[in-house]
Each structure stands twice: as C-alpha cells, then as structure tokens.
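Reader: I would like to learn how to read a helix, a helix pair and a chain contact in a model of this kind. Could we take them in turn?

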Amino acid sequence: MAAKTFRGGVHPPEFKELTSSSAIETLPPPDRVVIPLIQHIGAPCEPVIADETTLSKGDKVDLGQKIGDTEAFVAAPVHASVSGEVVEIGEARLSDGRVVPAITIESDGEDRLSEDIGPTGELANLSPGEIKDIIREAGIVGMGGAAFPAHVKYSPPEGATLDTIIINGCECEPFLTCDDRVMLEYPGEIVFGLEAILKATGAERGIIGIEANKPEAIEAMRTAVGDSGYEVVPLQVKYPEGAEKQLIKAITGREVPSGGLPLNVGVVVNNVATAVAIARAIKSGTPVYERVVTVSGDVVARPANLLVRVGTPIRALFEYCGGFTESPARILSGGPMMGQAIADLDIPVVKGTSGILALSDRVAAMEEEEPCIRCGRCVDVCPTYMMPLFAARYPDEEALEYNPLDCIECGSCSYICPANQRLLPRIRLTKMLAQARARSEE
Amino acid sequence: MALSVEENLDRSRLTVTSSPHLQTRVTVRGIMLDVAIALLPAVVAATYFFGPWALAIIASCIAGAFLAEAGVSWARGREIPLYDGSALVTGLLLGLTLPSDVPLWIGLIGGAFAIGIGKAIFGGLGLNMFNPALVGRAFLVASFPVLMTTFRWPHDSGAWMGSGFDAVSTATPLALLRWSDVATPYFELFIGRIGGSLGETSALALLLGGLYLLGRGVINWRIPVSYIGTVMLLTWATGGDPLFHFLAGGLLIGAFFMATDYVTSPITPRGKLIFGFGCGFLTYAIRGFGGYPEGVLYSILLMNATVPLIERFTLPRVFGVGVKTDAN
C-alpha cells in the first residue's frame with residue numbers, strides 16, 4: 001500500500017540515525033532553572049500560585065507546583081520543574097530572540113513533589129469539561145514546537161463539531177528523534193491520551209500518523225492500539241509531512257480553508273508528546289515540567305535523546321552530551337528546517353523545545369545568493385501551492401498578490417533553490433507587510 | 001564540566017539567520033552543466049557527420065558568448081559570472097543551430113550578440129525575455145541570409161574533411177518536402193545523415209539528450225510533450241506525415257532544449273502546457289503555410305513574449321483558497 005502524502009515537499013537528508021536508537025536518558029535536574037512565564041502562543045502568565053496568591057522572591061516551591069497563571073483563555077499555566085527557592089522574578093531570553101518575564105528557582109536537590117499532584121480519577125468517569133480543565137491546569141501545550149494551548153484546540157466555537165483527532169508522529173524535521181523515541185517507549189500513554197482527547201471533544205475517529213521511515217514506531221503503535229479501532233496510518237517520508245494542514249489533507253483529504261483552522265474541517269492535530277502529557281496529567285496529575293529533547297548535530301560529541309526539566313539552560317544539555325567536537329557553525333533550537341538559530345546557551349528549554357542541534361558548516365552551508373533563473377523548483381515543492389519566487393520579491397503591492405499569509409514557513413522553497421535565494425526570509429517580510437495592512441484596515 | 005562546551009565554541013563563527021538552515025546541493029552551475037552534458041550527443045553527431053569544422057563553429061559560438069559576458073561584466077564593474085555556465089549553454093545551443101559551412105566569425109558575432117543583446121541588456125541571467133541562443137540565430141539569419149541558409153550534405157562517415165572542399169549544397173528535408181515534394185527516409189532523419197543545421201539533424205542524439213534532462217529532473221515533461229504533441233497532432237489531422245515532422249528540422253532541439261529554457265518559459269504547470277501548445281501551433285502554421293520551411297525559431301521567440309501573460313492567467317490555486325469554511 002502506498003503511504004499517504006500531500007502535494008509538494010522536499011527530501012532533505014534525515015540525519016536521524018545519530019539518535020534514533022538512543023533510548024531516552026534522564027538529564028539530572030540542574031541546580032537552577034529559569035522558567036519563562038510565556039512558553040505558549042497566547043497571553044503571558046503572571047507569577048501566581050494557587051488561590052491567586054502572588055509568587056515572590058524567597059518563596060519555597062515544590063516540584064510540579066503552579067508558579068504562573070492568567071485569566072486569559074488562550075494561555076497555559078507554568079509549573080516549577082524543581083523543588084527549591086524562588087531566587088529571582090526577572091527575565092529570560094527565548095530561542096526566537098524575545099526577552100520575556102521568567103522565574104528563577106534554585107533547586108534544593110530534593111525534588112519534593114507538590115501536594116497538588118495526584119491522580120484525577122478514572123478517565124471513564126470524567127466529563128469532557130473536567131478533562132479540558134485537567135489539561136489546562138497541567139499547562140499542556142502543543143509539544144511539537146508550536147506550543148498552542150491544548151485545551152483551546154478542544155473547545156470549538158459554536159456550531160463547529162469535531163469528528164477526527166489526529167496524533168502527529170510524523171517528525172519530518174531532520175535530526176529530531178524525540179517523537180520517535182516517545183512512540184517506542186510510551187506507546188500506551190499515547191493511546192490513552194488519544195482516548196482522552198476523543199472524550200473531551202466528542203470526536204469519534206482517532207488516527208495516529210507516522211512517517212514510513214519509523215517502522216518500529218509504527219509497529220509499537222499498532223500493538224498499543226490493538227483492536228481499539230484507532231487507525232495507525234503510515235505516511236510518505238517527505239518534509240513537511242507533519243505540517244498540520246498538509247497532514248490533515250494527506251490523511252483525510254480535507255483542505256483547511258485559507259486563514260482557517262483545522263477545526264474548520266472538524267479535525268484537531270496533536271503531537272505524540274502532547275498525548276503523553278495528557279495521559280500523565282490524568283493518570284497521575286503530573287503537569288508539564290519536563291519533556292524529551294533530541295540533542296544532536298554533526299559536531300555534538302555524543303548525540304542523545306534526553307528527558308529534560310523545563311527551564312534547564314541549553315548549555316547543560318550540550319555539556320551532558322560531551323560538548324562539541326569542533327566549533328559549530330550554527331546552534332539551533334528545533335529542527336534545521338523550521339528551528340531558530342541561537343548564540344546564547346543560557347536560553348532555557350521550554351515546553352515547545354523539541355531539539356537542540358549543533359551543526360558544522362558542512363551540514364548547514366551558507367552559500368552566496370545567485371540570480372533567480374526561474375527554474376520553478378520552489379513552485380514545485382511549495383506545499384501550499386504558492387509562487388514563492390513572486391511572493392519573495394521586494395515586499396510591495398505586487399508581492400502581496402501572491403497570498404503571502406497562506407505561507408506556513410516550512411522553508412522548502414529556500415531549501416530547494418539552486419540559486420541559494422533566501423526565499424522564506426523575504427516571504428516573511430511580505431507577510432509582515434500583509435499583516436500590517438490588515439491591521440490598518442481594521 | 002562547563003569548560004567542555006566553551007572549549008570548542010568560537011562564537012565569532014556562529015551564524016544566526018532565520019530558517020531554514022539546510023540547503024540542497026543542486027546549483028545553477030550544476031543545472032547548466034547538465035544541459036551541456038545533454039547536448040554532447042548532438043555535438044558528437046554533428047562532428048561525425050559534418051567533420052571537425054562543426055566543432056570549430058560550436059567553439060566559436062561559445063567563445064563569442066564568453067567574450068560578451070566578460071565584456072559586459074567588466075563594463076558594469078561586476079564579477080565575471082562565467083562560473084554559472086549559462087554562456088556555455090547559450091554558445092552550445094547557438095552553435096548547434098548553425099549550418100555546417102559558416103566561417104568562424106559568424107559564430108563569434110552570433111555568440112556575442114546572443115549574450116550581449118539577448119541576455120545582458122535585460123540585466124543578465126534570469127531577466128531576459130527571449131531565449132538568447134535564438135536571438136543570436138535570428139540576428140544571424142537576418143544579417144547573413146545566404147550564409148545561414150546554405151546547407152550541405154554530410155560527408156560519408158569516413159571522410160573527415162575540412163570545410164569548403166567538395167561541399168555539395170543541398171536543401172534541408174523540410175525544404176525538400178516543401179518545394180520539391182521529396183521525402184527523406186525516416187532512418188536517415190533519425191540518424192542525422194541529412195542536410196541541415198549542425199545540431200538539428202540527428203533525432204537520435206537529441207532524444208538521448210532530452211531523455212537525460214527529463215531523467216535528471218532538469219526539465220519537466222509538460223513543454224516538450226505539449227509542443228511535439230501539438231505539431232504531430234495537427235500534422236496528422238491535416239493529412240501530413242506526423243513522424244516526418246517529428247524527426248525533421250529543429251523540432252526536437254527546440255522542444256527539449258530551447259522552449260524549456262527556464263528564464264523564458266512559464267513557471268506554472270498549466271502555463272507550460274499552454275506555452276508548448278502555442279509553440280506547436282505556430283511551428284505547424286509556419287511549416288505549413290509560412291514563407292519559411294522551418295518555424296521552430298520564430299515560434300519559440302513569439303511564445304517567449306507571451307510568458308508573463310500566460311503566467312498571470314495560470315497561477316495555481318493556493319492551498320485552502322476557495323474552500324468553504326465548516327465543510328464538515
């Protein structure tokens with residue numbers, strides 16, 4: 001059977017063999033964590049503990065205790081990832097360059113679990129509303145990297161109904177293997193999480209989509225699914241197979257409308273790690289204070305998949321992995337196609353950090369730009385059927401005609417360009433112009 | 001512990017740019033080189049049938065193209081972009097469209113005109129409207145009509161003679177059919193033992209090159225198939241011999257190597273089909289009813305001018321556009 005797929009896309013080298021057979025190791029909790037109050041798409045949290053008590057410097061906190069929350073709907077609370085003392089309520093830099101409010105906790109080394117944490121009851125006895133509350137309170141966001149608050153996805157507006165939940169195990173970014181390992185090591189929790197999401201949303205069809213280059217994960221998920229009726233769908237190995245709208249199109253044939261959301265076609269997509277987080281939140285009341293991060297790259301001494309506490313500086317991950325074999329040309333947070341280049345190793349791991357990479361310029365080459373020869377490769381690979389070369393021209397009225405806002409920023413056009421044109425960075429400029437126009441018209 | 005990370009980290013070497021951070025190894029130069037490789041069978045066939053003078057003519061075109069590229073770059077104070085290989089391809093293509101007996105200065109002038117006027121004047125690579133090699137050939141045909149339309153039968157394979165001696169003037173198969181009602185046998189057309197321009201005579205060599213380009217993914221099937229298909233279909237529908245028109249003249253070199261030029265053909269999938277159809281229709285019309293026996297050159301040049309218009313009307317539907325919300 002031919003694996004399902006979408007139209008367009010590219011085949012970058014995978015580099016997954018560096019870590020795909022490395023079982024998840026636990027990174028010892030650091031002495032000090034810096035926990036940003038915004039790790040999600042939406043409103044930032046305030047430093048508060050339960051009962052609207054403000055958190056202050058000097059307060060003692062327990063592992064898993066809530067330390068930041070907000071009244072806003074599109075947001076997710078944050079939790080302490082070690083037990084210890086709040087030594088600073090200041091700022092932290094994120095991998096995208098933003099400097100945001102953050103809480104620094106000095107660990108007492110005890111990992112004393114918060115009293116708030118405990119099983120929430122049998123899934124069968126929970127109502128959809130209760131499940132959504134548990135998910136929200138556990139601070140669960142999309143852990144594939146986008147970090148959109150999960151409970152928001154399960155609350156469609158009036159009139160819309162959800163019928164399908166897709167668990168995304170594609171992991172189409174090169175180098176990253178954290179989702180692969182999660183599927184191999186926690187398949188039961190993924191299925192439990194899927195069941196919980198189905199119950200929370202009232203959807204009936206549960207699907208787990210996995211790229212065909214992970215046969216062991218496909219096998220593990222098939223075994224875990226058993227005869228529950230959920231489908232495990234192998235997908236063609238192609239980037240960006242795991243992009244939300246492309247994945248929905250590949251699996252269900254439905255096309256999310258321009259400017260719309262997956263729920264417009266009755267679908268919610270969640271990463272496998274998100275499903276695991278949901279399972280843990282329900283089974284043991286554990287909030288998101290740790291996640292699996294792939295530490296890889298051709299200049300990392302000992303690439304690995306690590307279970308890391310949120311707030312751990314990126315430096316500690318590289319140190320655990322033996323440092324660099326040579327000076328890297330790029331250090332990335334996330335995958336090499338959509339991740340962010342960083343120069344600051346004190347940036348903390350957050351809920352959406354899927355990988356930390358260090359690459360030489362043999363892998364991440366930066367060639368000179370040459371003139372566009374109109375070869376059309378960018379048009380062939382664009383998964384949104386745009387005309388990247390036209391949308392990437394000097395951002396002006398003409399460029400705006402080429403639907404810049406439909407660009408999902410997958411970077412396939414820049415990747416494929418034989419003239420090394422920086423197409424995506426320029427399309428981003430056109431997008432910014434389009435957004436500015438839209439705002440000024442409101 | 002902390003030392004191990006800092007030890008091998010030279011921050012001055014870190015690149016911080018926006019994504020993506022990977023790039024294919026496919027380069028403009030690699031693509032141009034592939035086109036040059038695809039033209040090699042035609043060059044070999046031309047040398048085999050017309051003797052070493054054919055090589056000299058092709059070389060003169062490449063030299064003219066290089067000189068013009070270097071001259072223009074120097075005048076503009078730019079780095080000389082010979083590395084991109086586009087002058088090589090233009091020179092090669094132009095050389096293959098010339099008759100086998102022209103003097104070398106024709107090649108030099110043609111190559112220089114192709115690059116200087118056909119490409120550089122528009123701003124260089126990627127910005128020209130018309131196929132440079134065809135601009136060069138059109139210029140030569142208009143300026144030196146006699147030299148450019150005097151064809152000779154190829155020598156026997158054994159006779160590697162210089163130019164000029166024992167040359168027998170002849171007409172091309174298309175001209176023979178048009179004005180003398182003489183049909184050239186298919187096999188001679190296929191192999192290339194016929195009168196005509198250096199590179200358009202051997203259908204076999206051109207097909208090999210065309211298949212190479214298709215196989216390497218350098219060109220897409222849409223333009224060659226719609227172009228050749230249109231010519232054959234129209235010929236068949238009006239009682240002509242489609243196979244003859246497939247093999248004869250410049251159709252194959254035009255459809256595989258010239259109409260597919262990235263810069264001067266549409267970038268949209270439907271646009272490519274329309275462009276190929278337009279080239280095919282014009283080639284058929286000129287061959288059948290025009291003042292020339294051959295129409296590939298002007299068909300492609302005319303269609304080049306329509307590319308912006310074709311693209312404008314064949315833009316693909318963007319993902320999610322026109323899909324109604326809440327379709328479930």
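Reader: Which residues of α7(A) are buried?

Author: In general, an α-helix has 3.6 residues a turn, so residues three or four places apart point the same way. In this predicted model, the buried residues of α7(A) are Val272(A), Ala273(A), Thr274(A), Ala275(A), Val276(A), Ala277(A), Ile278(A), Ala279(A), Arg280(A), Ala281(A) and Ile282(A), and the helix is accordingly described as mostly covered, with 11 of its 13 residues buried. From first C-alpha to last, helix α7 (residues 272-284) of chain A reaches 18 Å, close to the 18 Å expected at 1.5 Å a residue, and just after α7(A) comes Gly285(A), with a positive phi of about 75 degrees.

Reader: At what angle do α3(B) and α4(B) pack?

Author: Their angle is about 140 degrees, with the axes 8 Å apart, and α3(B) passes α4(B) in a right-handed crossing. The residues of this contact comprise 11 nonpolar, four polar and one charged.

Reader: How many residues does each chain bring to the contact of chain A with chain B?

Author: Chain A brings 67 residues and chain B 45; the side of chain A that touches chain B has 37 nonpolar, 17 polar and 13 charged residues.

Terms used: Residues numbered from 1 in each chain as written. Chains lettered and ligands numbered in written order. Predicted model: local features only at pLDDT ≥ 70, side-chain atom pairs only at ≥ 80, totals over all residues. Contact = placed C-beta atoms within 7 Å. Nonpolar A, V, L, I, M, F, W, Y, C, P; charged D, E, K, R; others polar. Helix = DSSP H or I, 4+ residues; strand = E, 2+ residues; numbered from the N terminus. Expected span 1.5 Å × (residues − 1). Buried ≥ 20, exposed ≤ 12 C-beta atoms within 10 Å, placed from the backbone. Axes fitted to C-alpha atoms, helices over the stretch in contact; angles between N-to-C directions. Left-handed = near helix turned anticlockwise from the far one by under 90°.
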